[in-house]
Amino acid sequence: MIPFEMVEPSSLQEAVGMLDPQDPAIRPVAGGTALMLMMKAGVFAPSRLVCLHRIEPRYSRIALTGSGELQIGAMATLSEVEHDANVAARLPALKRALRRLSNPRVRNVARVGGALAHGDPHMDLPPVLTALGARVTIVGPKGERVLPLERLYSGYYETVLEKNELITTATVPSLNGRKSAYMKVTLRSADDWPALGVAVSFKLQNGAIRDPVIVVSAATEKVTRMTSTEKVLQGAAPDDATLARAGDAAVAEASILADAHGSAAYKRELLRVYMRRAVRQALADDAQRVQS
Amino acid sequence: MNQVGRDIPRLEVRAKVTGRADYTHNLRLPGMLYGKVFRATVPHGRIRSIDTQAARELPGVYRVVTGEDIRKLIPEPYYGPAFHDQPILALDKVRYVGEPVAAVLAGDPHVAELAVQLILAEYDELPAVYDEVAAMQPDTLVHDVLRPAGTFADLKHLQGRKGTNVALDYHLRRGDADKAFAAADRVIEHTFKTQQCLHLPFEPHVAIAEPGDDRLTIYTSNQTPSFVRIEIARLFGWPENHVRVKVPYLGGGYGSKVYVKLEALVAALAMLVRRPVKIALTMEEQFYMITKHPTTFRIKSGVDKEGRLVARSCAVYWNGGAYADIGPRVTQKSGFTAAGPYDIDNVSIDSYALYTNRTPAGALRGFGVPQLVWAYESHTDLIARELGVDPVEFRRKNLLRDGRPQASGTVLQDAAIGEVLDALAVRIGWNKPFDRGSGTLRRGRGIAIGFKASISPTTSVAVVNVSADGSVYLYKSTVDMGQGSDTAFAQIVGEVLDVKAEDVRVVAPDTDITPYDMGTLGSRSLFHMGTAVRLAAEDARAKLRALATEAGLPQGTNYPPAEIFKKRYGMQAGNVIGTASYVPNYKPPDPQTGLSDNVTPFWMVGGAAAEVEVDTETGHVRILRLVNAADCGKPINPGVARTQLSGAAIMQLGFTMSEAMHLDGGQITNASLADYKIPGIGDIPPMENELVAAEQHSGPFGAKGLGESGTFGVSPAIANAIHDAVGVRITELPITAEAVLRALRVKAGQPLDDE
Ligand SMILES: Cc1cc2nc3c(=O)[nH]c(=O)nc-3n(C[C@H](O)[C@H](O)[C@H](O)COP(=O)(O)OP(=O)(O)OC[C@H]3O[C@@H](n4cnc5c(N)ncnc54)[C@H](O)[C@@H]3O)c2cc1C
C-alpha cells in the first residue's frame, strides 16, 4: 500500500470542502469496510481519504419525524439501524434484511452512507430501501438536494453523486399499511453475497394490489425498478395466476447478467420464483414481524 | 490412571486461545528482508525477457531476483518429492498462471509489493492444456524433460513417460475383467468428475530462512520438516546437518504444507543476499501454490443375476497441474482402492497422473480417496437403483470383509467396513419411514462408504527423555497443525511410563533436536509415529529398570524414577533416553499386474449418511442431517477423534456444495475468499459423529489414523440423497443449486438455456 493522507474534518461542510470534484484519488470514508477491500485488492489507491467519523453527531442519528418518516443519518452504523426500536416496529423488511447482511463484525462498522454510496448492485440496503420509497439527502458545495434512492444509481458501481457530494440522510416514509418484503438469494454459502435480490412493497385494497414497487438487484447491473412488472400487478389479486404473470413480466423486463453466482438463464428462473415468493412473504405480513 | 482413552482437551489449546502460541507468521529476525513474488500471467510460455529495472530502482528495494540469478547459486534449482520438476523461480518457461517468476526483497513488505507491480515480463506464448483427459494426448507437452526424484522408497519406480504428459500411470489387473463383463447379466457404466479446489488453511504458507556460513536455519509452516531439511541440503550439496528446520504450531495444513513449498525460495534468496528472508503468502496467493486434483473417473461394473458385483473397471485421470508435487503417489495409492470396498473378483484399474497448465495439485485431506469415493459410491447407488435393490442391502451383499483379499491382493484386516455401514444405517434410520416432503420441497436420504490404504513404507523415529525428577520429554518431528497429535502422543507416553499426559513435554519439531519423520500426512502419524513413540517409551522404561538395578535397588520394586536417579547419581542428575523407530513392512506392487499382498499397514474406513431437502423450483439443497462414522480402531482420545471426524466432513461439505476454482483461459477468475466460498457457520448442518467399536491390532494401543476418514462418504451421500429426493443424478462436483435445477429441468423435458 502506498502512503496516503487521512484527514478527519469535524463538520460536514469542512468534509465537503476537502473533497475534490476532479480527483478520483480523493474519497470520503465512512466505515471503510468496502473501501479497504478495494485498496487491498489494488483497485483503489487513494491520495487522500476524508474520514467522516468526526462530523456532527446528528448525522449518526436515527429519528422519527412528526409525519412518521424515519430519518436515518448517513453515519449511523448498520447495527444501530438493525437494533433501532422504530425500525423493528415499523419496517420489518428492513430489519430482516439487516440481520442477514454480512455479519455482525461488518454491521458494527459499516455505515448507512457507505452502504448506499458504494453502488455495488449486490448490496442489500439499496433494493430494500428503494422498495420502501426512501429518499436520500445529498450535500455538496452548492447546497442540498434530495433524490429518490432509485435515482441514485447510474450503473455498475456508479452513482449520480459528484465527487464532492456526501449523502447525509436516508428518509424512509411511513409504510401506512403497505406490505413489504425483501428476499435475498444466496447460492454458494449462507453468508454469500446475493445472486439475486427482490424487494417489493404494495398496498392491498379489497383484495387487490395497489401502487406496487418492485425492485431487482444483484443479478442486474444496478438496482432496478421494474415498472412493467408493477403494471402487471397493479389492481390484480395476488393469486397464482397473477404472480405467474408477474414472474414472466419480471423475466422479460430485467437484464439479468451471468457471473460467478450462476448463468443468466438460471437467475432468470430464480427471478420468476422469487418474484412470487416476495409478494407472498409481504402478504404474510404478520408473520414477518421479526423478534429482536 | 489410564492415559489412553482419556478425553482430555488438546494440550496446546490454552496457549492458542490466549494468543501465546508461536506461529511462523509472528517471527521477525534482526536484519530480515521481506520477499514478494512476481507471478506469471500466461498459462504456458517461453520467457523472452524479464525487465526488473523499475523495480530495482524503487527506493527501499534491496534486490530483485530471477530464476537465472538462482541458477548461478544452485546449478540445478529444481525440487519436488516425486520429480525434481519445479524450479525455485521459473526458468526458460512458465507453466501456469501464478507461477513464481521473480522475487523482490525489501525491508518493508509494502515496498516489495509495490515493486513487484513494476516488473515486466514478456513471453512467447505456447498452446496450453487444462483438462486431464485432453492431456492424455501428447499434442501439448507441459514438460520437455522429466526428472524422477528417487527420494521415497515407494516412488523409486517413477520414470515418467517421455513425450507425454503422464507423470505416472498405475495399472492393476486382478482376475479377468473383460471376460467377466462378457459373462455378466448387466454391465453399467458412468463417468464422474471433480473440480479443482484448495486447502485454504487460516494460516497461509510462510517461511523464513536465516543464513550462516554454508548453513541455514529455516523457520516454516510445514508438515514435513525432515523432508525439507534433506531437500534443501540436496539443493545446496550440503550434509543434512547444515540445514536446521524449525516448525512451531501450524494454523492448519490439510496437505497444503507437505514437502517443499516456500522453503527452497527463501533459502536461495537468503543465501544470495546473506540476510534473513521471510515470505508470507496472502490468502489470495494460496490459489497459486497447491490445490486438489480435478479428476475424471470412468467406472464400469458387471453384475450377475444374483446382484453380485463380478467385475469392475476403473479409469481415473488425475489433473496434476504444472508440477507433479506428490500427485504420482496420490495416483498410485488411491489407485489401489479405486474399485471401492467391495468383494469383486475381476478388477481392472488404470490411474494416470497428468501434467496440465494449472496450479499444481497435491495432497488434500483424503489423498485422492474422496474423488474416488465420489465416483464409486455414486455409481454403486445407481446400480442398486437400476436393479431395484435397496442401496444399503446391495452394499451389504457385496461388501469386502476381513479376511478377503482387496483388489490389490492385500487381505483385509481390522477394517470395520460393515460396522461403519451399519452404524450409518442405524443412525439415519434407513429402514424407518420419514417425511418425504411435499409440493416443491422434497426430501431424500443417501449413504456412502469408502476406505483408504495408508502410506507405506515410511519411517518414524521418536525419542523419550526421562529427566532426573521423573518428568518426561518427547521428541518427534510430527507437526501438530491442530489435529491433536501432540496430545495423543503424550497420552501414549503417559500410558507406558505411568505419568499424566499433561505432564509430558512434547517438543516442537526442530531438525537439530527432533529425530526423523517422513511427514505429517495421510493420517499416518498416530499409527506410524504413535508406534515409534510407544516403543521409545517402552525403551525408556526398560532403561529405567536397568538403572535401578545398576543403583542397587532390588528387582521388581516400584521406585519412582526420581529416587532411582538420586540413588544412582547421588543427586538430582542424569537422564534416561529411550529411542525407537518404526517402519512397517511393504511389498511394492508388481509392475505388470499392480498386485501386492502387502500394500498397507492398516485400512482407514469412513462413511456418511445424509438427509436432504431439495427445492424443486430453485435446485437449492438443504442438508437436514449429516451422519459421519469411521473406524479409527480404539481411539486414544475419543473427543479429539470425533472433532477430526466432523472437521473432515465439514471440509468435504465445502468441496461438495460450493468450492470450485474457475478457470478462464488459464486464469483463475475467483482467487479470493469473496468468490471462492467455503462453508460458513450458517452452512453447517446438524451432524452426528460416531466412532464404531473396533480395534487395530497392529496399532498403538489398538488405534489408527482418522484425520481423513470423515471426508470419504460426504459427497456421494449427498448426491445419493438428492437422487432419492427428486430422481436426478449429479455427476460433477460441486453440487450447485443451478446444477440441480438444470438436471430437474432436463428430466422434465424443459432444459434451461446454456447462457
Ligand atoms: C465480509 C463482507 C461481507 C459483506 N456482505 C454484504 C452483504 O451480504 N450485503 C450487503 O449489502 N453488503 C455486504 N457487505 C458490504 C458492506 O455492506 C459495505 O462494505 C458497507 O455497507 C460499506 O459501508 P462503509 O461505511 O464501510 O463504507 P466505506 O467503505 O467507508 O465506503 C464505501 C463507499 O462509499 C463512499 N461513502 C461512504 N460514506 C459516504 C457518504 N456519506 N456519502 C457519499 N459517499 C460515501 C466511500 O467513498 C466509498 O466509495 C459486505 C462487506 C464485507 C467486508
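**Exercise 1. How many residues does the contact take from chain B, and how many from chain A?**

Before we start: this is a predicted model, in which local features need pLDDT of at least 70 and side-chain atom pairs count only at pLDDT 80 or more, while totals for chains, interfaces and linings use all residues. Residues are numbered from 1 along each chain as its sequence is written, chains are lettered from A and ligands numbered from 1 in the order in which they are written, and side-chain values use heavy atoms, with hydrogens and water left out.

Step 1. With contact meaning heavy atoms within 4.5 Å, chain B gives 26 residues and chain A gives 23 residues.

Step 2. The two chains bury about 1800 Å² between them, 50% of it on carbon and sulfur atoms; this is the accessible area (1.4 Å probe) lost on being put together, summed over both parts. In chain B, E617(B), K677(B) and E738(B) lose the most area to chain A, together 27% of what that side buries.

**Exercise 2. Find the salt bridges between the chains, and locate one of them.**

Step 1. Look for a side-chain nitrogen of Lys or Arg within 4 Å of a carboxyl oxygen of Asp or Glu; the count between chain B and chain A is 6.

Step 2. One pair is E269(A) with R745(B), whose closest N and O atoms are 2.8 Å apart.
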